[in-house]
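Good morning, and thank you for making the time. I would like to take the group through one model, and I ask that you keep the sequence and the structure in view as I speak.

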Amino acid sequence: MTGPVICNQVSPELTGPLAAHPSKPKVIECFDTRTPWNIPAEAEILVTRFFEAWPTAPKVAPDLPRLRFVQTFSAGVEAYPDWLLRDRLVSCGRGLTSDQIAEYVMAAIMRVEKDIESFRVSKASDWRSRPMGRLSGRRLGLLGFGAIGQAIMRRAQAFDMVVSAVRRSAWADTPPGLQACSSAEELFASCDHLVLAMPVTAQTRGMVNRELLSCAKPGLHLINISRGALLDQEALIAALDAGEISSATLDVMTPEPPPEGHPLLGRPDVFVTPHISYAGGISELDKFCARILANLDAYIEGRPLAEQVDFQRGY
């Protein structure tokens with residue numbers, strides 16, 4: 001007797017571990033990233049990740065009469081079609097790449113504060129002194145305090161930075177050393193570096209707008225490692241031009257990739273990377289494999305899934 005049918009869209013490396021699960025599943029490999037919605041009708045479980053094609057999926061759902069459980073590698077689920085996730089069990093990849101993203105954030109802060117490359121001595125006339133920034137005592141703001149925000153806080157505190165945060169849900173306990181702010185406006189007004197680390201929902205889409213940016217402490221460095229849709233990019237350009245903030249590091253944009261000639265590309269005060277802050281984790285696929293296997297246990301036994309998506313909250 002065989003177990004559930006699993007459609008694997010993530011990696012051939014997952015097929016063996018999935019097939020070896022005690023439930024004896026049948027694993028079907030489906031690696032056509034151009035049409036990921038072509039899911040076998042017999043599939044009960046879909047293991048997928050973000051592909052550029054997902055936002056262009058047909059509006060009408062294909063016939064998937066047996067699909068019950070969707071496991072995504074990506075932390076955010078806003079790019080998937082509504083028909084894929086609604087009325088099904090859904091678990092996301094929240095927390096799988098938090099360490100890598102936190103390291104990226106610290107590198108971005110170091111780049112602004114230390115800019116060590118500009119101090120390289122290549123000829124005798126380069127040997128001169130000039131001011132350099134610092135991390136100790138600088139205030140870092142976190143707009144969002146999930147797994148990524150917590151990983152950033154731990155690293156920032158190791159550099160003796162002062163860390164403040166705002167989160168959507170109420171604070172049950174404030175972690176040691178963290179200063180909880182009552183509003184995004186308060187956070188923007190008090191920080192030297194500020195990280196957007198919230199999921200995109202109907203409530204957070206475009207929330208970093210002209211009004212919020214106008215509250216920024218002079219010299220603010222804005223870092224977005226979450227989703228481009230959190231940030232009004234025209235408002236960012238206006239805030240930079242007005243000197244309301246000094247610089248931005250963007251690992252995410254809207255759209256991705258940005259078109260040639262996009263006004264944020266090539267600006268000396270904006271550092272753009274191609275949505276790679278999650279990279280660098282040798283074991284990220286291993287972590288994902290462990291999550292899907294644990295969730296497969298939970299699914300078979302009727303227990304709650306790890307990192308199950310709450311559609312009331314939108315993530």
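**Salt bridges, sheet and core**

I begin with Arg303 and Glu301, whose side chains meet in a salt bridge at 2.7 Å, N to O; by salt bridge I mean a side-chain nitrogen of Lys or Arg within 4 Å of a carboxyl oxygen of Asp or Glu. Arg303 is partly exposed, with a relative accessible area of 42%, whereas Glu301 is exposed, at 53%. Here buried means under 20% relative accessible area, exposed means over 50%, and partly exposed lies in between, with a 1.4 Å probe and protein chains only.

Before going further, the model is a predicted one, in which local features need pLDDT of at least 70 and side-chain atom pairs count only at pLDDT 80 or more, while totals for chains, interfaces and linings use all residues. Residues are numbered from 1 along each chain as its sequence is written, and side-chain values use heavy atoms, with hydrogens and water left out.

The structure holds 15 salt bridges. One of them joins Arg94 to Glu307, at 2.5 Å from N to O. Arg94 lies in the loop between β5 (89-91) and α3 and Glu307 in the segment after α8 (284-301), so this pair ties together parts that are 213 residues apart in sequence. Helices (H or I, at least four residues) and strands (E, at least two) are DSSP runs, numbered from the N terminus. Another salt bridge is that of Glu113 with Arg138, whose closest N and O atoms are 2.9 Å apart. Glu113 belongs to helix α3 and Arg138 to the loop between α3 and β6, 25 residues apart. Glu113 is buried, with a relative accessible area of 9%. Asp241, Arg267 and Asp269, in turn, are linked in a network of salt bridges.

I turn now to the sheet. In what order do its seven strands lie? The order is β8-β7-β6-β9-β10-β11-β12, in an open sheet with parallel pairing; two strands pair if DSSP finds at least two bridges between them. The edge strands, each pairing on one side only, are β8 (178-180) and β12 (270-272).

Five bridges join β6 to β7 in parallel, and Leu142 stands opposite Ala165 of β7. The chain passes from β6 through α4 to β7 in a right-handed β-α-β crossover, meaning that, with the strands pointing away from the viewer, the path from the first strand over the helix to the second runs clockwise. Why is β7 described as largely enclosed by the rest of the structure? Four of its five residues are buried. Strand β7 also pairs with β8 in the parallel sense, over three bridges.

Finally, the core. In soluble globular proteins, nonpolar side chains tend to be buried together. A nonpolar core is here a set of buried Ala, Val, Leu, Ile, Met, Phe, Trp, Tyr and Cys residues joined through side-chain atoms within 4.5 Å. The largest has 31 residues, of which Leu143, Phe188, Leu196, Leu222 and Leu236 touch the most other members. Helix α7 (233-241) is among the elements that give two or more residues to this core, and α7 gives the most, with five. Leaving aside residues up to four places away in sequence, Leu236 touches Leu213, Leu222, Leu231, Ile245, Ala248, Leu250 and Leu264, contact meaning heavy atoms within 4.5 Å.
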